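Please examine the sequence and the structure shown here. The briefing that accompanies them is arranged by topic.

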Amino acid sequence: MRIRHFVRQWANPRAAAPVVLAGLLLIGGCGDLEILNTNAPTVETLTGSPTRTILARAATGIFSQMYNDVATEVGVYALYGREGFNLLGTDPRETQEQFRGPPDPTGRHSANWIGPYQAIRSINTYLQSLSTATGFSPAELRASQGFAKTMKAWMLHRVAIRTGALGIPLEVDQPLGAPPAPFVSFTAALQAAVTLMDEGYADLLAGGATFPFAVAPGFASGFNTPATFARFNRALAAKMQVHRATFVGCATCWALASTAMNQSFVTATGLPNSLSTGVTYFYSTTANEPANPITEPLSSNRFWIHPSLLSGVQRKADGQPDNRLTSKSIAAGRSINLNDLIGTHKPIMYNSTANPALANLAAPIPWINNEELLLLRAEIRWNTGDQAGAISDVNLVRQNAGGLAPTTLTPASPTNDFVTELLYNRTYSLMWAQGTRWLDARRYGRTGTLPIDRPGDIIYPNMIIPAAECDARALPTPCLLLR
Amino acid sequence: MQRIVRRWMLAAAVALVTPQVASAQERRVTGQVTRQDAGTRIEGAEVSVIGPTRGQSVRTGADGRYTVTAPAGVVRLQVRAIGYRREEVTVPATQETANFALAQDVFNLSEVVVSGQATTIERRSATTSISLVTGDELKRVPVPSVEASLAGKITGVNLQSNSGAPGGGIQMQIRGNNTLLGGFDPLFVVDGVIYSNASIPSGRGLVNNAADPSREADAVNRLADLNPNDIASIEVLKGAAASSIYGSKAANGVVVITTTRGTNGAPRFNVTQRVGAFTPLRLMEHRRWTLDSALVRYGEPARAFFADNANPFFDNPAAIYDQRKPSLESVVDVSGGSGGTRYFVSGNWKRDEGIERNTGAGKQGLRVNVDQTLGSTVDLRVSSVFARNENERGWSNNCNNFGCHGYALTYIPSFVDLTRRNADGTYPVPAVSVQSNPVQLTELGVNSEETNRFTGGTTLGWTPKIGGSQSLRFVMAGGIDVFDQRNDVWTPNDLFFERISALPGESVESGGRSRFFNYNANAVHTWDLGGIDLNTSAGFQYEDRQLTTFQIRTQNLLPGQRNVNQGTNIQANEALTQERTIAFYAAEQVRLFDEKLLVRAGLRAERSSVNGNIDKYYIFPNVSGSYRLQNLFRTGNEVKLRAAYGETGNQPLFGQKFTNLLTPLLGGTQGISVSAAAGFADVEPERLKELEVGADGSLFKERLTWEATYFNRNTTNLLLNRVPEPSSGFATQVFNGGKIRNWGYEVGVGYSPIQSARVTWVSRATFTHYNSEVMNLAGLPPFFPAASGFGNLGRSRIEVGKPITALVGFGVDAQGNRNPAISQLGNTAPRFRMGFANDVTFRNLTFNTVIDWQNGANVINLTEYLQDDGRTSPDWGSPTWATRYNGYLKGAISPYIEDASFVKVREISVNYEVPRSFFSKVNGLRSARVGLAARNAFMWAPYRGLDPEVANFGSTAIRNNLDIGPYPPARSTFLTVSLGY
């Protein structure tokens, strides 16, 4: 009966109504609606007033974003340059669009820019934060800036050589929502990138003894202080100048390339072991660390060596093929025909050295190494009047990396023959590493010499502008002419 | 006052049963309730004394008789029974008997539907179009997930199953696509508790390297946890004016589900047992090979397959989808009540066996609903249900390692016998085509899910006695809905596609925890001013919704092990989303001119944690009215005209206001870097504005009823993803802007041509047609929404001036050449949808059918594309193939964009009510029923794939009809025996 009593007492509306209404308002007034994001740090962490520790983490983030698109450069350029096939068969585009077009400005090609430019935004944010940061010595600041400018310059260069003559937006360091940065020509883009590279070099030279952050493991073997990192900077600068000289015909660039080359870590001593000296994209089997995106067991049907690399290989004195082919590919013991693309040999340059049938997720991918530098130096020397030195450099690589006899070229040989020999060596030395065959064919106007497997297949002259880049400028896609 | 109180009591009638203390001023009225025309007795009808003083409410017995205690003097009695029109009579002071003959309520016009947080209205008077389906209509034919049983029964709703997999997976769309990026699910409210319909994917997409691992995992939407047998009614609030009371969660419509509650009387038991089976409706067909054609395609390795048989042909799909185990369901419920207490308790156990080997779904549940009155002014309702749901969904949809059957089968030639085994019982290593064997996968792979869920709610009402022409009621309601879902996916090292992986053997444990909590407090005041009735309500609401999803993925497992500890590469992921909303509302309803004119207006103000400005109140108004023209031309004819305008919202998703940083790991150091997705710190809710006009009517004393509605709705301030120029470093940025429009017609007609003592025939038809258009994208260029498709293989595209649901891709011109640019090739929205339901009763036999017709709409048939790519198409070499293959070769997708029209017999059932004379000697048995029912019994579709109802990406904002090796559609057939005690 107690309940009845209670109810009767409270059943008097005149007594209860104010209480109920007051209660309602009370409940309504409180209630915390500030719910923070506990899933990840937000951008304010970086743009506020970041501490030294946070900036050190941001430097690691920049190193990490340099990995953006490595898989594309290796796995996709390899198809464009006919270094190989992807015959897994789960995506028809691998044997269709990649080989005969049309390029989809919203598909594969739309992802083409976001990786590099995302890294560039990270670097720009980092540079801005550095300008207001406290707690750094002047040398540390220079070292940090030198690191950041080196990475930014390299990213700009990477994206510029993809789209080639179409050009790229350059001055992208502006708030989100601002009008899109104007396009600059291929020539201007390459020049701006290398100018920034040079600025970075100057900063690094004034950068003291150590970096105020953890340098990525791919730099561990001799490139992890400002002074030694500067040699990596110069190696990239030399490569960029060579690209300028060949892509856009910058005649004065050969001399600049030569200067940079001499300040880099190129060496003719210690061969053949010193061929691999350099900086790598470091991979690891540790969870959440980047893993090699190309490696796979021999039983996988994904990547295959292009038959032209097998048929076009030069032979050693004993009649065996160039070591660079035999160490980087292996007969699969089976043949795959997918849409008339035929694979018989698999790439194994990133597989276990003990058992090439097994994948090795920790296999590093070279960023730039001495083997590449020697070939770049050969290219520079040929074009700066030192033909004998050029032939000598080519032979260093032929003999030490390929086990081949010296080239029959002489300093008097036609340049065309030298280029053929140079590109042969670059193709086999840098096979499945950075899309060398495709880029080189483009640099020297030789895309017509790359093999065509089926009627109707094409060699892409460049990648196209992502649709979103055209859309942001209200231009129809594919947008080919920009200013 | 009398009338308004009566109206209001009508609304609350189910809840308010008041024991009366007999006194000298009371009397008894007795009588019988029968069915008009037939004269059969109606059991369980509710007879109540209505009027200014609250009276008793009783139920009729098996003989249709009742005895009710009423105040002395003239009283009004009201009779209500499910499926019949409400009747009222005035009983003079001296009259002691009152008999009722009820007419059938074919269109549920006498049912009450919600009009506010604490108010309801009879459908007959409603100012907006609200669909209502009663539990009886939902239970006839067993269904994997309750919303599927709405198909073909109501207007304005587009239901689509994402695949044929057991256990559900259905998307429900009310009046079109009303958002591009925001939440796209209707709001579900079960007994006043906001009920999660989350779809949490398993790790299936991860182990299969799917393009979009979460969306392509074919998740079950959690509405599947409801037991259809518990449901008393489902109301669908379609228009903004109706759903406005739910504020910024209601733009996609609101589905209000009410469960069965107890009635006064001795305990009644119902026991139902079902047994049935699932059989394939369609399976993939395959090309037949000769040695020559096989050698051309596969080279020398193919020769061995032709050694024993010149024409080997194995129907591999039939071997994978060959499970025919019996499916079982048991349901028990008991209900009753006495004094101030009523209860309904039910339990169910169900197991459906899928057609794919080792797939199936099951659920168990226990529900307790209790209603209690405290004194004569306070009433309390408690609802609670525990549910357990499990499924094994198998291996379907897109993948990139052939670890999914449909995809793999498009590449496996029919001369390979997938069931062949080596002497030691293992499967031979695939020699030609793909490195996978789906039969092996069905035996070794694990893809299972278990969900445990509790949902409980309480409603406390207090109706102080204040007499005069006014009444007051306070309602406080609240509830919680929590569930825990766990998914286990295991692809052991032995699977052929794992053997070739760099990290062979994978195990993914994933799932989610959800907690929804909401409460509200309301006051309702009614006032009869003589010819004018006023109903004022106001209140407060608080909602908190939280969902945590997690995922632990392990690769490179120790052979034979499946624990996520037992691999070398372990990745863990957790994501928390939370939203809190506080809202106030006030509403006014005015009834004029002898109840002919009804005008309602309301306002809701709310602020929410997911908005950029958490202190800002967003206001959502609504106003509506209806006018009834009674006895038009002839007695019994009626036409009601109605018009409504309302605004609702769609909240930003959690996290859309934040710009997160990435935290990559490199060399043991966790770095931070800018991500490609930018948030919007000032994000606001989307706003839907809708005008709805309609007319409802009835002829021949409601033998024929009809309703017609036109709506026009604009969603403005859309949540959009700007795709900034990639050179900015950002791939997406959220912002508000733009406008989309949906408009259309909904027509429902019900006719009962025969209503005699022996035979009744009720026929209903529904028609839904809507259009959509992207009006303005705030300067955005045409874009592809998330999960729009695969590059040039056909995609959804949002473009100003085009339907929201447009499909685009490269077409071919008259010469068979690919067009230079992409263009619209199809539309994922149907031209119209019609439903036809027929219920025929002949003596003790009832026969029901529901037919669902979709006209128009398109599917991107990538399964066929893959078959052409794998050269396994059944029509390989034929002229139709040649036309299609030309498109394939030229990079045009138009030949693969196909008509999604279908006619499906959704439900067909025969029930026999065993006459009492058969079991009169069985003690206590009250009723016995035997039935045979089939769901998706037949399908007619020009579609060349398996089922035009397909969505590789599951439920998405922009409906995506993408077919990539889905789980095949199945027909289910059940025999049911029900006994009542």
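The model is predicted, and its scores are ipTM 0.88 and pTM 0.83.

**Confidence**
- Chain B has a mean pLDDT of 88, and 96% of its residues reach 70 or more.
- Over residues 1-24 of chain B, pLDDT stays under 50. For this stretch, the model has 47 contacts beyond four places in sequence.

**Build of chain A**
- Chain A contains 18 helices and 8 strands.
- Taken along the principal axes, the box filled by the C-alpha atoms of chain A is roughly 115 × 55 × 50 Å.
- Chain A has 483 residues, of which 49% count as buried.
- Among the contacts in chain A between residues at least 6 apart in sequence, 72% join residues at least 24 apart.

**Nonpolar cores**
- In soluble globular proteins, nonpolar side chains tend to be buried together.
- In this model, the largest nonpolar core has 154 residues. The residues with the most contacts inside this core are I62(A), A193(A) and A257(A).
- Leaving out residues up to four places away in sequence, A193(A) touches A153(A), L156(A), H157(A), A160(A) and M240(A).
- Another core, of 72 residues, lies apart from the largest one. Its members include A126(B), V143(B), F516(B) and A523(B).

Technical notes. Residues are numbered from 1 along each chain as its sequence is written. Chains are lettered from A and ligands numbered from 1 in the order in which they are written. This is a predicted model: local features need pLDDT of at least 70, side-chain atom pairs count only at pLDDT 80 or more; totals for chains, interfaces and linings use all residues. A nonpolar core is a set of buried Ala, Val, Leu, Ile, Met, Phe, Trp, Tyr and Cys residues joined through C-beta atoms within 7 Å. A residue is buried if 20 or more other C-beta atoms lie within 10 Å of its own, exposed if 12 or fewer, and partly exposed in between; C-beta atoms are placed from the backbone. Two residues are in contact if their C-beta atoms, placed from the backbone, lie within 7 Å. pLDDT is the predictor's confidence in each residue, from 0 to 100. Helices (H or I, at least four residues) and strands (E, at least two) are DSSP runs, numbered from the N terminus.
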